[in-house]
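Reader: I would like a close look at one part of this structure, taken slowly. Please keep the answer in one piece.

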Amino acid sequence: MKIKIGKATDNNFVINDPQVSRYHALLSQDDKGDLLLEDLGSTNGTFVNDCQIIKKSVSVADKVTFGTKYTLTVNDILKHDNDYSDEFLCLKSVYDEYIKEKIRIQSSNQFKTRLFQSLPFAVIGVIGIVLGFMGHTNNSIFIFSFILAVCAPTIGIYFGARQAAKIPAQLQHHANQFKIDYVCPKCGTFLGEIPWESLSNKKQCPISSCRAKWIRS
């Protein structure tokens with residue numbers, strides 16, 4: 001792979017900057033995946049991590065400056081054709097995991113809510129009935145058992161409501177992380193809760209300043 005970089009329109013990566021030469025540099029990649037950046041005798045030089053170079057092995061994270069101020073990363077150069085299909089494919093698992101965890105939070109909390117609502121009623125209610133049966137000749141025990149039987153539903157409702165109140169906070173925390181992860185791999189725009197399959201049908205980012213290719217043609 002070879003990517004020609006410069007101001008001339010027949011380059012693979014065209015840079016419209018007065019400090020960039022018509023044929024400024026060449027980024028190549030060998031069969032092993034190693035990257036090499038070479039200056040092509042430019043007027044204002046090529047810099048990697050602020051050091052001027054003639055020819056240098058680089059990594060995707062290295063910062064490159066053409067001329068005096070046009071700066072980007074090696075990875076940006078590799079994306080000269082705006083193809084972000086590999087990164088976009090990774091978003092499928094992000095969406096699937098989000099939906100799966102969202103359902104888990106809702107179903108788990110609904111189960112706990114019902115459990116907390118019914119368990120006090122069942123346990124305390126049974127105790128109240130047993131005490132009432134045992135104390136049918138004792139007014140004090142009978143009154144105590146009656147109070148237990150009356151209080152059981154109230155206690156169940158209280159604990160059930162407390163458990164139900166946890167659901168919105170857990171879902172919000174989950175949604176906040178989703179907003180960070182489920183974004184266009186180029187411009188970082190949040191993609192909403194739109195299923196990945198629906199987004200893939202659009203094939204590219206709808207943001208006019210981005211237009212990253214999501215699906216390779």
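In which sense do strand β1 and β3 pair, and over how many bridges?

Author: The model is predicted. In it, strand β1, residues 2–6, pairs with β3 in the antiparallel sense, and the pairing runs over four bridges. The strands β1 and β2 run parallel and are joined by two bridges. Strands of a sheet pair through backbone hydrogen bonds, and the pairing can be parallel or antiparallel.

These strands belong to an open sheet of five, in the order β2-β1-β3-β4-β7, with mixed pairing. The edges are held by β2 and β7 (55–58); each has a single partner strand, so one side of each is left without a neighbour in the sheet.

Next comes the loop between two of these strands. D17 lies in the loop between β2 (13–14) and β3 (25–29). D17 is buried but has no salt bridge. The nearest side chain of opposite charge belongs to K69 and is 4.9 Å away, whereas a salt bridge requires the side-chain nitrogen and the carboxyl oxygen to be within 4 Å. The side chain of D17 does reach the backbone nitrogen of Q19, at 2.8 Å. Apart from neighbours within four places in sequence, D17 is in contact with K7, K69 and Y70. K69 is thus listed among the contacts of D17, without forming a salt bridge with D17.

Note on methods: Residues are numbered from 1 along each chain as its sequence is written. This is a predicted model: local features need pLDDT of at least 70, side-chain atom pairs count only at pLDDT 80 or more; totals for chains, interfaces and linings use all residues. Side-chain values use heavy atoms; hydrogens and water are left out. Buried means under 20% relative accessible area, exposed over 50%, partly exposed in between (1.4 Å probe, protein chains only). Lys and Arg count as positive and Asp and Glu as negative; His and the chain ends are not counted. A polar contact is a pair of N or O atoms within 3.5 Å; within protein, one must be able to donate a hydrogen and the other to accept it, and residues adjacent in sequence count only if both atoms are side-chain atoms. Contact means heavy atoms within 4.5 Å. Two strands pair if DSSP finds at least two bridges between them.
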